[in-house]
Amino acid sequence: MSFFAITRATLAKDIRLEWRSKDAINAMLFFALLVVVIFSFAFDPTAEESRRIAGGLIWVAFLFAAVVALNQTWARELRNQVLDAYRVSPAPANSLFLAKAIGNFIFVSVLEAPMTPLFIVFYKLRALGPGWELAPIALLGTWALVVNGTFFAAISLRTRSREIMLPLLLFPFSIPALLGMVNATTAVLTGEESAKFWIALLLAYDVVFTTACLLFFELVLEAE
Amino acid sequence: MNSMHYLYAAYIATWVIHGTYLTILVRKYSRIRKEMERKPSAISNQPSAGI
Amino acid sequence: MKRGFPILAIVTALLLSFALYEALIVAPTEQTMGNVQRIFYYHVPSAWTAFLLFAINFVASILYLIKRSENADILALVSAEVGVVFCTVVLITGPIWARPVWGIWWTWDLRLTLTLVLWLIYVSYLLLRRFSTGGKTPMIAAVVAIFGALDVPLVYFSIWFFRTQHPSPVIGAGGSLDPRMAHVLLINWAAFLCLAWLLCWTRYELEVAQRRVEESQAMESLMEGLQ
């Protein structure tokens, strides 16, 4: 089977499994809603400056939702010893990684989808800049979190305090991407600056780390 | 606090940080040395003979 | 420890004392900031040393991935740890310098922010090494170190652009440096490099000893288990 065929098959399997265990998705969706509400209580949405800080708030909320989601997805593989099966099979390790990353991307996007309109409603957001730019920002930003998140989640599997290890690793490495996502979103919402540099930075980040993750995943898988 | 105090604070902080680290290292090293002296037979420089 | 160690220790102590004398007495007083500016002679060499140590960590990690040599792994661990120590010094002396000069403890100054992010990355690297179970820790750590190195230019550019949009005070010598000050700066850097070497050597020996003890303990319990 070709690389992409294997990736697609693995991805399809993951999606089927997640869909069957709807509890996990429902709990995550509720968690996402809670995060938005808590943020709205903590950071006054009626203030003048809310347009300026909304970019930061949204992405921090997404970051927390992503971490919770990422912690979930490898746990299942570990429970069913699927990782051992992968190590033994001739399938290339990075097709597993790509499938996992895309699966996580879909999962996190499903969480972001309801959070976004809620933020817009609570914070009365309106894009004063070119609104269409928010689409590439959302895609590139989410991928940035998910690609490294999936990789570090795999690394964290063989550590003590696994759940805390993921954010401990992910947060420092994500700082440039976070700066990119937040500043790009703020630039579009306030219309005061151009988001182009930040979008370019996000693109560079995504390219660099997607390549690195695909290159090194085999080593990490062997190391389990 | 006049500005000289800040200067001394910075220099002293540097020495405290390095001194603390060095102290921790030296203490651990003497503890390990004692451990190694207690069981000289178990620790050898040659690779183990095999089971 | 080997014979060179006491010599290095003495040379380091002498150099550091000399460098201190140069920084406090010999170096000329800066015009605008006054004597507080002398923190510069500790802040900047510490930053350069930290960056050098992290570069060594990067090289050692690559070496490990290529050769799987235990020495490379120990060097990576040691350089990361001592690098974090020097980084901590930069992060403490920076704000202490900023406060009397600009009235604020922190500015999103490029070097200071970059140092903070490097500190975070390497502390998480060290925590990963400590929390990791299983024999393949060196491998995983080496991969994470490479990721760190890949991240650094991205961090640099993101902070740089952020600062052009949100300018704030720069901590550190702006513009050209008086040659007498440059002279004192280099002496202090030499002294801190010797200190870094001394700390790394100590930590290296400690790690080697610890691993031998752990190995022998593992051997013992294995033997006991077989009996």
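This briefing covers the chains, contacts, core and selected helices of a predicted model. Chains A and B do not touch. The largest nonpolar core holds 133 residues, and helix α3 of chain C gives the most to this core.

**Chain A**

- Chain A has 8 helices and 0 strands, and its elements run α-α-α-α-α-α-α-α from the N terminus on.
- Along the principal axes, the C-alpha atoms of chain A fill a box of roughly 60 × 35 × 30 Å.
- Of the 224 residues in chain A, 42% are buried.
- When contacts in chain A between residues at least 6 apart in sequence are considered, 84% join residues at least 24 apart.

**Chain C**

- Chain C comes to 6 helices and 0 strands, in the order α-α-α-α-α-α from the N terminus on.
- The C-alpha trace of chain C spans about 75 × 45 × 30 Å along its principal axes.
- Buried residues account for 41% of the 227 residues in chain C.
- Of the contacts in chain C with a separation of 6 or more, 80% are between residues 24 or more positions apart.

- The contact between chains B and C takes 23 residues from chain B and 28 residues from chain C.
- The side of chain B that touches chain C has 16 nonpolar, 4 polar and 3 charged residues.
- The nearest C-alpha atoms of chain A and chain B are 23 Å apart.

**The largest nonpolar core**

- The core members that touch the most other members are Ala65(A), Ala66(A), Leu169(A), Ala184(A), Leu202(A), Ala76(C) and Phe86(C).
- Helix α3 (residues 70-102) of chain C gives 17 residues to this core.
- Beyond its neighbours within four places in sequence, Ala76(C) is in contact with Asn57(C), Ala60(C), Ser61(C), Tyr64(C), Ala141(C), Ala142(C) and Ala145(C).

**Helix α3 of chain C**

- Of the 33 residues of α3(C), 25 are buried, so this helix is largely enclosed by the rest of the structure.
- The end C-alpha atoms of α3(C) are 47 Å apart, which agrees with the 48 Å that its 33 residues should span at 1.5 Å a residue.
- Gly103(C) follows α3(C) and has a positive phi, near 80°.

**Helix α8 of chain A**

- Helix α8 (residues 196-222) of chain A has 27 residues and reaches 39 Å from its first C-alpha to its last, close to the 39 Å expected at 1.5 Å a residue.
- A bend of about 45° occurs in α8(A) at Phe216(A), and Phe216(A) is one of the buried residues of this helix.
- Other buried residues in α8(A) include Trp198(A), Ile199(A), Leu201(A), Leu202(A), Tyr205(A), Asp206(A) and Phe209(A).
- Leu202(A) is also among the core residues that touch the most other members.
- The buried residues of α8(A) pack against α5 (93-123), α6 (134-156) and α7 (162-190) of chain A, together with α5 of chain C.

**Val82 of chain A**

- Val82(A) lies in helix α4 (residues 82-88) of chain A.
- Val82(A) has 15 other C-beta atoms within 10 Å and is partly exposed.
- Val82(A) and Thr159(A) are 77 residues apart in sequence, and their C-alpha atoms are 18 Å apart in space.

Notes:
Residues numbered from 1 in each chain as written. Chains lettered and ligands numbered in written order. Predicted model: local features only at pLDDT ≥ 70, side-chain atom pairs only at ≥ 80, totals over all residues. Core = buried A, V, L, I, M, F, W, Y, C linked by C-beta atoms within 7 Å. Buried ≥ 20, exposed ≤ 12 C-beta atoms within 10 Å, placed from the backbone. Helix = DSSP H or I, 4+ residues; strand = E, 2+ residues; numbered from the N terminus. Contact = placed C-beta atoms within 7 Å. Nonpolar A, V, L, I, M, F, W, Y, C, P; charged D, E, K, R; others polar. Expected span 1.5 Å × (residues − 1). Bend = angle between axes of the 7 residues up to and from the residue.
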